[in-house]
Amino acid sequence: MALSMEQVAARVTALRYRNNERDQRNLDVLAVRKGKIAEVYPDFFPDGVNANVVANFIDIVARDLSEVMAPLPAVNCSAANQVNDRARNFADKRTRIASNYFQHSDLAVHMYSGADWYITYGFVPFIIELDEESKLPRIRIENPLGAYPEFDRYGRCIAFAKRYMMSLGELVSQFPEYERELLGGYGYKQDLNHQVELIRYYDKDQSLIYIPSKQDLVLSKAANPLGKMMVVVARKPSIDGELRGQFDDILGIQLMRNRFALLAMEAAEKSVQAPIVLPQDVQELQLGGDAVIRTSNPAGVRRVELNIPPGAFTEQTLLNEELRVGARYPEGRTGNMSASVVTGQGVQALMGAFDTQVKSAQAIFAAALRDVIRICFEVDEVIYPEEKTIRGVDSGSPYEVIYVPTKDIKKDYSADVRYGMLAGLNPAQGLIFMLQALGGGLISKDMAMRELPFTVNVTQELEKIEIENLRSGLLSSLSATAQAIPQMVAQGQDPTEIVNKLAAVIKARQKGQILEDAIGEIFAPKPEVPPAGAPASMVEQPSPAPAGMSAGGALSPMGDGSPPDIQTLLSSLSSGGAANATVRTSRKQ
């Protein structure tokens with residue numbers, strides 16, 4: 001049963017009260033990332049200084065980490081029976097349908113913001129909305145600032161509220177049917193730029209938008225068509241269940257770095273502007289580049305020295321190290337590393353913390369996106385069951401798929417969303433690890449391709465590889481035939497027909513004909529024509545070759561009765577270029 005408006009308002013108020021401290025932390029981190037650290041700590045900055053005076057380390061770390069975490073995982077809908085072609089085709093079509101949800105939502109681009117929000121605020125919500133124009137589900141990544149998710153004991157999101165700020169004029173233009181309620185008795189004479197707070201609320205029964213300051217005025221309300229929560233939240237692990245960002249505890253260290261930089265600039269300024277000490281015999285003081293001071297004691301002319309303790313610079317170095325440790329950001333990411341670290345193992349040790357947090361974040365994203373795809377499948381089948389056409393590029397080849405959700409999804413909402421075995425590893429390490437496991441026989445090619453960090457249609461790609469290998473073997477056989485021509489000439493045979501056929505293959509390829517079609521047509525055996533007037537009984541019928549033997553008596557390369565390759569066929573040609581149709585029978589006791 002759907003909650004009433006009073007119950008929804010009470011629930012949202014309770015969520016905001018419980019997350020009040022988290023909201024303040026998020027606002028502080030946002031101000032620091034925007035370079036307005038003086039607004040967070042106004043007592044530590046002199047008048048006229050309202051921004052960072054050193055590099056914004058927190059913003060740099062957040063952007064670098066998000067760019068590494070943001071790439072989308074590979075989506076594969078595996079078939080229950082991999083041997084059955086029909087089951088594999090069904091799984092491949094569902095894989096392309098799921099990938100189309102990501103492409104339709106531009107998720108590859110929006111994930112950079114989503115990964116940034118995940119690092120900064122400790123969680124990121126994925127909202128599945130209905131796209132009535134395209135008749136498809138759309139995935140939207142929501143800004144966690146001012147968002148209030150509620151979870152059950154299993155960690156599933158059961159309610160979600162998001163706070164927005166909008167000017168009164170924008171509200172009236174977007175909801176003209178509530179103009180009288182929004183403007184009240186003052187009409188358009190009041191300040192239309194006044195910011196009004198809106199709350200958008202989701203649960204398994206309904207979604208609605210209301211204004212708390214207008215007696216919980218409901219602007220929009222809709223029933224949930226699926227009867228289940230259409231919001232999935234990916235959140236960082238926490239020791240106490242509180243949603244915390246990665247930089248909540250290091251704002252003070254960033255402040256101290258700014259404070260030390262200000263003191264260093266003040267010390268340098270005072271050193272330059274320090275008073276000048278002169279001997280007592282100096283009566284006049286001239287200032288400037290060509291100034292002349294007459295004195296019998298020139299060594300006594302100097303500025304007052306400002307002694308800065310060396311421990312201050314040591315403390316600044318310690319603060320930089322503490323900031324890196326707190327942010328879990330290795331020094332190797334900025335290209336700075338100890339000169340004593342000259343081995344690959346040392347570099348990898350410096351990057352260890354970076355790799356582990358990327359791997360853990362991608363594992364959380366994969367779990368969240370798996371739930372997102374499950375909801376998208378159900379929305380597509382239940383709400384938009386009509387036929388659709390999707391287009392895309394798979395492994396560099398464009399494709400077009402026509403599908404009917406009720407037929408091609410058929411209540412199978414499962415999907416395998418993985419970053420693969422290479423999660424957290426850099427590309428060079430991942431490639432070496434994959435090749436070593438493949439060469440050692442630990443994994444199959446099918447599994448290796450499914451574990452790649454990008455989407456691959458495994459079934460279609462394996463077919464392409466097989467075709468390429470067969471075509472390569474066909475070319476090798478043709479090249480071997482060409483290399484056998486000098487030997488035929490040396491034995492007194494006539495290679496004219498073979499040369500003409502090779503030339504015909506080259507011309508066919510120049511005209512754009514497919515290689516296998518050209519070879520099949522040019523090297524096709526010519527039917528034998530019986531002599532004129534010869535009775536049918538005198539025409540020699542070739543006997544079937546025994547198992548493992550070709551028609552010309554040559555042993556099949558496989559030894560199992562399979563057709564011989566082109567090289568074997570061509571090697572049985574006569575000196576005139578005609579095929580030999582002899583049969584050999586061998587009996588042994």
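1. Strand β2 is largely enclosed by the rest of the structure, because seven of its nine residues are buried. The model under discussion is a predicted one, and the points below should be read with that in mind. Strand β2 covers residues 123–131, and its pairing with other strands is taken up next.

2. Strand β2 belongs to an open sheet of three strands, arranged in the order β3-β2-β9 with antiparallel pairing. The edges of this sheet are β3 (136–141) and β9 (231–235), each of which pairs on one side only. Leaving direction aside, neighbouring strands of the sheet are turned by 25° against each other on average.

3. How many bridges join β2 to β9? There are five, and the two strands run antiparallel. F126 has V232 of β9 as its bridge partner, while I127 stands opposite V231 in β9.

4. On the β3 side, β2 pairs in the antiparallel sense over six bridges. L130 has P137 as its bridge partner in β3. The two strands form a hairpin with four residues between them. Within that turn, K135 has a positive phi of about 60°.

5. A second hairpin is formed by β4 and β5, with five residues between the strands. Its turn contains G155, whose phi is positive at about 80°. Strand β4 comprises residues 147–151 and β5 comprises residues 157–167. Five bridges join them, and they run antiparallel; P149, for instance, has F160 as its bridge partner in β5.

6. Is β4 covered on one face or on both? Both faces are covered: A147, P149 and F151 are buried on one side, and Y148 and E150 are buried on the other.

7. As background, an α-helix has 3.6 residues a turn, so residues three or four places apart point the same way. Just after α5, D106 takes a positive phi of about 55°.

8. A search of the whole structure finds four aromatic pairs. The limits applied here are under 20% for buried and over 50% for exposed.

9. Another of the aromatic pairs joins Y101 and F377, also edge-to-face, at 5.7 Å centre to centre and with 75° between the planes. Which helices does this pair link? Y101 lies in α5 and F377 in helix α12 (residues 352–382), so that distant parts of the chain, 276 residues apart, are connected. Y101 counts as buried because its relative accessibility is 1%, and F377 counts as buried because its value is 0%.

10. Two charged side chains are placed over aromatic rings. The charged end of R96 sits over the ring of Y399, at 4.2 Å from its centre. The charged end of K162 sits over the ring of Y164, at 5.5 Å from the ring centre.

11. How many disulfides does the structure hold? The number is zero. Among the cysteines, C77 counts as buried because its relative accessibility is 3%, and C157 counts as buried because its relative accessibility is 11%.

12. Finally, S479 lies in helix α16 (residues 458–483). Is S479 buried or partly exposed? S479 is partly exposed, because its relative accessible area is 39%, a value that falls between the limits of 20% and 50%. S479 and L502 are 23 residues apart in sequence, and their C-alpha atoms are 9.4 Å apart in space.

Technical notes
Residues numbered from 1 in each chain as written. Predicted model: local features only at pLDDT ≥ 70, side-chain atom pairs only at ≥ 80, totals over all residues. Heavy atoms only, no water. Phe/Tyr/Trp six-rings, centres within 6.5 Å; stacked < 30°, edge-to-face > 60°. Buried < 20%, exposed > 50% of the residue type's maximum accessible area, 1.4 Å probe, protein only. Lys NZ or Arg CZ within 6 Å of the ring centre and 35° of its normal. Pairing = 2+ DSSP bridges. Axes fitted to C-alpha atoms, helices over the stretch in contact; angles between N-to-C directions. Disulfide = S-S within 2.5 Å.
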